[in-house]
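The following note sets out several numbered points on the structure shown below. Please read each point against the sequence and the coordinates.

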Amino acid sequence: MTWMIYGANGFTGRLVADLAVERGERPVVAGRDPGKVAAFAAPRGLESRIFDLSEPARVAEMLHDIDVVAHCAGPFSATSAPMVEACLRSGTHYLDITGEIDVFESIFARDAEAREAGVVLLPGAGFDVVPTDCLAAMVSAELPGATSLDLAFQAGGRISPGTLKSALEGAALGGRVRVDGALRTVPMAWRRREVAFPSGPRQVTSLPWGDVATAYRSTGIGTITTFARLPIPDLGDGLGKVGQQVLGSSPVQRAGKAAIGAFVKGPGKGTRSHSWVEVYAEATDDAGRSVSAALIGPDTYDMTADSVLRAVNALAADSPSPGAHTPSTAFGRDFIRRLHGVKIIEPA
């Protein structure tokens, strides 16, 4: 199998590539900046290719001999569509590390095209959304009649510039949930609840997360809310709308992204080694019965790198059917058990 990491000179792309080399793999590394890509590839002895995503036909040419591309160049709201189009043209399996709801929805909308092309499209092959998606599938299997699903996480450690830029874009869109099968926009932080994380009960706040798109496909549950433990006050409906309008303005977006690029650095290996994540899932049916499960895992970036590599290899070993997938529909709900350092608290 020949596979490629696009965006290998970015923070997460570098982690994926370095872990791949550590495990004896030789991915092709690619990106649009000749100097940065060459500087990364040469000392590792990796093949490199230089291209941007402006012309899908040209990108397809660069993928003609590539079996799988791990797309790590965000923001995916801008980069996923041209890469997906190129993969459909070249017959290359696609996976990415997005957490953006609208990106998931746009890729799922191309399911029929992917089936016809014999291609697997797998968005969200990293921390967004492998652990939450697999836990959602676990609790759904234990409670087949579930009608609502709550998913939550808390994490220690710092975040990368790319993740912060995506979060800035997402905040401008407001909160997102799924109700009776339909995506709805709600105020930011519109719900709070207590969650029984493995380390103890914590208050969590609703926020838009990719599972309102993915878990619906994985489980069929129509009402889904996602939460995180965040150190912010209750914004309230009015303040939330004002904040959303301010964050959505072009000058604020430009200035915010420029500041992130200039001043924010991703977490180093030492920081990541002391970081952790906990994830919780709870499915409930109309009779009030509920099933929950949880997990403890390593730093979210290390988990993402591990997950991407295992997904790349699982595409060859497991041979999921062509089409647009979530992690659990591609590899099964136990895919999360393959990841290094993950401990599952079984459904109960």
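1. Cys-134 has a relative accessible area of 0% and is therefore buried (buried means under 20% relative accessible area, exposed over 50% and partly exposed in between, with a 1.4 Å probe and protein chains only). Cys-87 also counts as buried, at 0% relative accessibility. A search of the whole structure finds 0 disulfides, a disulfide being a pair of cysteine sulfur atoms within 2.5 Å.

2. This is a predicted model, in which local features need pLDDT of at least 70 and side-chain atom pairs count only at pLDDT 80 or more, while totals for chains, interfaces and linings use all residues. Residues are numbered from 1 along each chain as its sequence is written, and side-chain values use heavy atoms, with hydrogens and water left out.

3. The protein chain contains 14 helices and 16 strands (DSSP runs numbered from the N terminus: helices are H or I of at least four residues, strands E of at least two). Of its 348 residues, 51% count as buried.

4. Helix H7 (residues 130-142) and helix H9 (residues 211-219) have axes that come within 9 Å and cross at roughly 40° (axes are lines fitted to C-alpha atoms over the stretch in contact, and angles run from 0 to 180 degrees between N-to-C directions). H7 is therefore oblique to H9 (under 35 degrees counts as roughly parallel, over 145 as roughly antiparallel, 65 to 115 as roughly perpendicular and the rest as oblique).

5. The contact (heavy atoms within 4.5 Å) involves Thr-132, Asp-133, Ala-136, Ala-137 and Ser-140 of H7, and Asp-211, Thr-214, Ala-215, Ser-218 and Thr-219 of H9.
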